[in-house]
Amino acid sequence: FLCPENRRNTKQKSEKKAKPPRNQSHRLRQQRRQFYKSQRGKRLYSRCSQTVEPFNEWFKSLFELDDRVWHRGLENNQTQLLAALFAYQVLVRYNYRKGCENGQIRWIIDSL
């Protein structure tokens, strides 16, 4: 999972001298920041618009999550998304057992 850092509550625009890490999570955050700024990190993040975003759009349209969600509240929506992910994985497994290896499951949902 690769995404740019979303800094909050910072008023300074310029990068100052890097401070030594305070704890383990701060050290890991610094490593992620360095990786994201590297050539490999930039190349991986640029592929996101070609791989991840189209899948997210397809997944939301498959389970009709693209317009609005069915429930109010973050916890209810998390449950709904988890159920959709579980159903997707079960249907992909079923599709594979039927001999189709491409992972397209729209035909199963349409037949239901």
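Residue Q80 is located in helix 4. With a relative accessibility of 9%, Q80 counts as buried, because buried residues are those under 20%. The structure described here is a predicted model. Of the 112 residues in the protein, 14% count as buried.

**Overall architecture**

- The protein contains five helices and zero strands.
- Read from the N terminus, the order of its elements is α-α-α-α-α.
- Helix 3 spans residues 48-62 and helix 4 spans residues 74-97, with a loop between them.
- Helix 5 covers residues 106-111.

- Q80 and F63 are separated by 17 residues in sequence.
- In space, the C-alpha atoms of Q80 and F63 lie 10.0 Å apart.
- F63 is itself a member of the largest nonpolar core.

**The largest nonpolar core**

- Which residues make up the largest nonpolar core? The nine members are F59, L62, F63, L65, A84, Y88, L91, I105 and I108.
- Two or more residues of this core are given by each of helix 3 and helix 4.
- The greatest contribution to this core comes from helix 4, which supplies three residues.

**The negative patch and D66**

- A patch of negative charge is found on the surface, where E57, E64, D66 and D67 gather.
- One of these residues, D66, belongs to the loop that lies between helix 3 and helix 4.
- Is D66 buried, partly exposed or exposed? The relative accessibility of D66 is 36%, so this residue counts as partly exposed.

**W107 in helix 5**

- W107 is situated in helix 5.
- The relative accessible area of W107 is 42%; W107 is therefore partly exposed, as this value falls between the limits of 20% and 50%.
- Twelve residues separate W107 from N95 in sequence.
- The spatial distance between W107 and N95 is 9.5 Å, taken from C-alpha to C-alpha.

Conventions
Residues are numbered from 1 along each chain as its sequence is written. This is a predicted model: local features need pLDDT of at least 70, side-chain atom pairs count only at pLDDT 80 or more; totals for chains, interfaces and linings use all residues. Side-chain values use heavy atoms; hydrogens and water are left out. Patches are made of residues with over 30% relative accessible area and no salt bridge: like charges are joined within 9 Å, nonpolar side chains (Val, Leu, Ile, Met, Phe, Trp, Tyr) within 5 Å. Accessible areas come from the Shrake-Rupley method with a 1.4 Å probe; for residues, only the protein chains shown count as cover. A salt bridge is a side-chain nitrogen of Lys or Arg within 4 Å of a carboxyl oxygen of Asp or Glu. Lys and Arg count as positive and Asp and Glu as negative; His and the chain ends are not counted. The place of a charge is taken as NZ of Lys, CZ of Arg, CG of Asp or CD of Glu. Helices (H or I, at least four residues) and strands (E, at least two) are DSSP runs, numbered from the N terminus. Buried means under 20% relative accessible area, exposed over 50%, partly exposed in between (1.4 Å probe, protein chains only). A nonpolar core is a set of buried Ala, Val, Leu, Ile, Met, Phe, Trp, Tyr and Cys residues joined through side-chain atoms within 4.5 Å.
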